[in-house]
Amino acid sequence: MSRRRTAPKGRLSDRDVSDLAARGEAELARERLATEQAARIAAEEAQERLRQSEAKFAGIVSIASDAIISVNEAQQIILFNQGAETMFGYQASDVLGRRLDMLLPRGARPAHREHIRDFGQSPIAARRMAERQEISGQRKNGEEFPAEAAISKLDLGNERIYTVVLRDISRRKRAEEAQRFLAQASSVLAASLDHETTLASVARLAAGPLADFCIIDLVQEGGHVDRLVVAHADPAKEGVAQQLLRYPLDRSRPHLVFKMLQTGQPELWPELPESYLESVAQNKDHLRLLGALHIRSLLAVPLRSHGRLLGALTLVMAESGRHYQPEDLELAEELAHRAALAIENARLYREAQKAVWARDEVLSVVSHDLGNPLSAIFIGTGLLLKSLPADGRPDESRQHLEAIRASAAQMERLIGNLLEIRRMEAGRLRLDCKPEEPAGLIAEACHVLQPLASVKSQLLQTEIPADGLPRVLADRERVLQVLSNLVGNAVKYTPAGGRITVRAETREAEVGFLVSDTGPGIPPEHLPHIFERFWQVRQSGRRGIGLGLAIAKGIVEAHGGRIWVESRPGAGSTFHFTLPMAE
Ligand code: ADP
């Protein structure tokens, strides 16, 4: 509380006056001092607040993971935060006062200077740089990297400051490039089922983007490992790299491929020691070759399909000076995964082709080598039957001879079916189509099979619309073969006393043929397979070889028709097929 100034009572002496004057001045001086002190404290507080706020700002700027770089009008660096230090590999003290150019790849410098000048003249205060194209930075070690950048300008008195905020997008770019590469790899690998082509494609894909050169080793039957493919990114060096194929892997020496095949784990060597090459080289020539290839860094990943180790994909860095790092592993493994599937598919395809080839070989033998003895049996039994007395009396010899002839005929039919299916697969089924009466075709097929149905006391009947049917465009012999197969099956699978009905009806531009029986029917789970080659419902006592329906399907489809079945266990079966109308 301030003291109230009171005047002394009564008359004032000179001394009093001078005392009073002195007291008043002192008071005033004290007040001035207090005011000054308060002002100083306020100024100090304001300064402290400013310092704190600047420190806060500087703290934020310095810890930001983005690089924040400010330059003056002469493009000299005046601020370089921690993010920039990490991104560029320079200390702030290395760059402050130097020109911004030092952080850009040489080729990008003129365009960048112009860009900043344009921006300086524009009325906009801030903008994203190079919205369409990418910005590149250059680290202290010379490495270039892609970046996203935003720039702002600030006028402080008569000084103008530009601030660039940069974000290193190498990781994102790498991930995008990896995705693009894998998508391309998938389509390249899907392009062929040939084993050699697939292996070469895998090696070609890897050499360049993933490696200076790459090697594929595959585990062969019996467990030995074959070095099969080498591809170099540089065509001029391809020849030297190919020489590696001359040196098969030696099991008695340690090799990263063997180790990897044993552990199933990838092998990463960012920096390959010289001693390693010496340890795997088989002789001086081999070592010289390894030396000539300038191998620096290796990454080997297993080729694994369905849990089975097929081999190894070894990626090698040489002249490019690049080194593998743990982050390269994921892409290499992804490529190896796709490559292994393609290699496995190609292998399975090759095996399937071999199996088809082996079957065709057997079929050739069957058709040629069994055909002749069968003809001999036919001719011989025919002559013997003729030589028997035709007195009409039951004769045991005649019965035996006829049974032999019937068996030989069945064997001929089976051989015929086998050859037919082979012709179909080879696309060699030739049709000789003419307009045919459906009723005539049905009658002929039933006529041939009537005796068989009679033996089983089956009723074999036909149903043709009274107003007739349009003619179909058909190869007579082939369609008779289809009808015989279907009616023959109906007779074969329907128990004695059953009924078989063959019908035909008009269906838009087609004629539909139907063969129904009162047989056991087909279980629903078998229906999707019934027209497959060599497919039969598992049952005791085989009565065919499972080719009849496959052949029927091939013939009907070659005519442009369709074939299908409707059946339920216990409720008989109806086989349908259609043929195009002739007119
Ligand atoms: P195959 O008669 O020589 O075995 P198919 O291709 O003609 O060969 O027939 C395949 C299978 O379809 C037969 O094994 C049989 O199980 C079944 N099948 C065909 N037709 C009938 C039918 N009418 N009734 C019941 N099952 C049938």
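At 16% relative accessibility, Glu-27 counts as buried, because the cut-off for that class is under 20%. The model in which this residue is described is a predicted one. Glu-27 forms a salt bridge with Arg-30, with a distance of 3.2 Å from N to O. Both residues belong to helix α1, which covers residues 14-63, and they lie three residues apart, about one turn of the helix. Arg-30, by contrast, is partly exposed, its relative accessible area being 47%.

The protein chain has a mean pLDDT of 86, and 93% of its residues reach 70 or more. Residues 1-8 stay under 50 in pLDDT, and for them the model has four contacts beyond four places in sequence. Where pLDDT is low, the predicted coordinates should not be read in detail.

Salt bridges occur elsewhere as well; a search of the whole structure finds 30. One of them pairs Arg-172 with Glu-176, whose closest N and O atoms are 3.8 Å apart. These two residues are four residues apart in helix α5, and so about one helical turn separates them. Arg-172 is partly exposed, with a relative accessible area of 43%, and Glu-176 also counts as partly exposed, at 37%.

A further salt bridge brings together the side chains of Arg-471 and Glu-583, at 3.3 Å from N to O. This pair links distant parts of the chain, 112 residues apart: Arg-471 is in the loop between β13 (459-463) and β14 (472-474), whereas Glu-583 is in the segment after β18 (573-580). Arg-471 is partly exposed at 33% relative accessible area, while Glu-583 counts as exposed at 63%. Salt bridges also link Arg-308, Glu-344, Arg-347 and Glu-351 in a network.

At least two lining residues come from each of β5 (144-156), α5 (170-190), β11 (308-317) and α11 (329-387). Helix α5 gives the most to this lining, with twelve residues. By class, the lining of the second largest pocket comprises 14 nonpolar, six polar and 15 charged residues.

Note on methods. Residues numbered from 1 in each chain as written. Predicted model: local features only at pLDDT ≥ 70, side-chain atom pairs only at ≥ 80, totals over all residues. Heavy atoms only, no water. pLDDT = per-residue confidence, 0-100. Contact = heavy atoms within 4.5 Å. Nonpolar A, V, L, I, M, F, W, Y, C, P; charged D, E, K, R; others polar. Salt bridge = Lys/Arg side-chain N within 4 Å of Asp/Glu carboxyl O. Buried < 20%, exposed > 50% of the residue type's maximum accessible area, 1.4 Å probe, protein only.
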